[in-house]
Amino acid sequence: NDAGEVAGSVSGGCVEGAVVTEALQLLDDGGPGRLVTFGYSDDEAFAVGLTCGGTIRLFIEPLDW
């Protein structure tokens with residue numbers, strides 16, 4: 001949220017910080033949701049915490065409680 005509180009996890013690794021950055025930017029922009037993609041080659045994946053390799057695609061959108 002805009003107070004910097006985070007709930008949940010996506011990968012439990014390197015992607016978390018990037019997801020938070022994208023979410024905070026979305027809150028600042030005030031726009032609709034957006035699709036973001038994170039991925040590494042199989043050789044790089046393990047080194048950055050994506051032990052299964054591959055690609056993560058997320059749709060990030062504001063949540064109005």
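**Entry 1: the end of α1**

I began just after helix α1, where glycine 30 takes a positive phi of about 70°. I took helices (H or I, at least four residues) and strands (E, at least two) from DSSP runs, numbered from the N terminus. The model is predicted, so I note that local features need pLDDT of at least 70, side-chain atom pairs count only at pLDDT 80 or more, and totals for chains, interfaces and linings use all residues. Residues are numbered from 1 along each chain as its sequence is written, and side-chain values use heavy atoms, with hydrogens and water left out.

**Entry 2: the whole chain**

I found two helices and two strands in the protein chain. From the N terminus on, they run α-β-α-β. Next I looked up burial, where buried means under 20% relative accessible area, exposed over 50%, and partly exposed in between (1.4 Å probe, protein chains only). Of the 65 residues in the protein chain, 17% are buried.

**Entry 3: helix α1**

Does the length of α1 agree or disagree with what its residues should span? I checked: the 15 residues, at 1.5 Å a residue, should span 21 Å, and the end C-alpha atoms are 21 Å apart, which agrees. The expected span here is 1.5 Å times one less than the number of residues.

Which residues of α1 are buried? I noted Val15, Val19 and Leu26. They cover an arc of only 35° around the axis, so they lie on the same side of α1. That arc is taken from the directions from the helix axis to the C-beta atoms. A handy reminder for me: an α-helix has 3.6 residues a turn, so residues three or four places apart point the same way. What covers these buried residues includes β1 and β2 (55–60).

**Entry 4: salt bridges**

I then looked for salt bridges, each a side-chain nitrogen of Lys or Arg within 4 Å of a carboxyl oxygen of Asp or Glu. How many are there by this rule? The count comes to two.

In one, the side chains of arginine 34 and glutamate 22 meet at 3.6 Å, N to O. This pair links distant parts of the chain: arginine 34 sits in strand β1 (residues 34–39) and glutamate 22 in helix α1 (residues 15–29), 12 residues apart. Arginine 34 is partly exposed, with a relative accessible area of 23%. Glutamate 22 is partly exposed too, with a relative accessible area of 23%.

Arginine 34 also meets aspartate 29 in a salt bridge, at 3.1 Å, N to O.

Conventions
Contact means heavy atoms within 4.5 Å.
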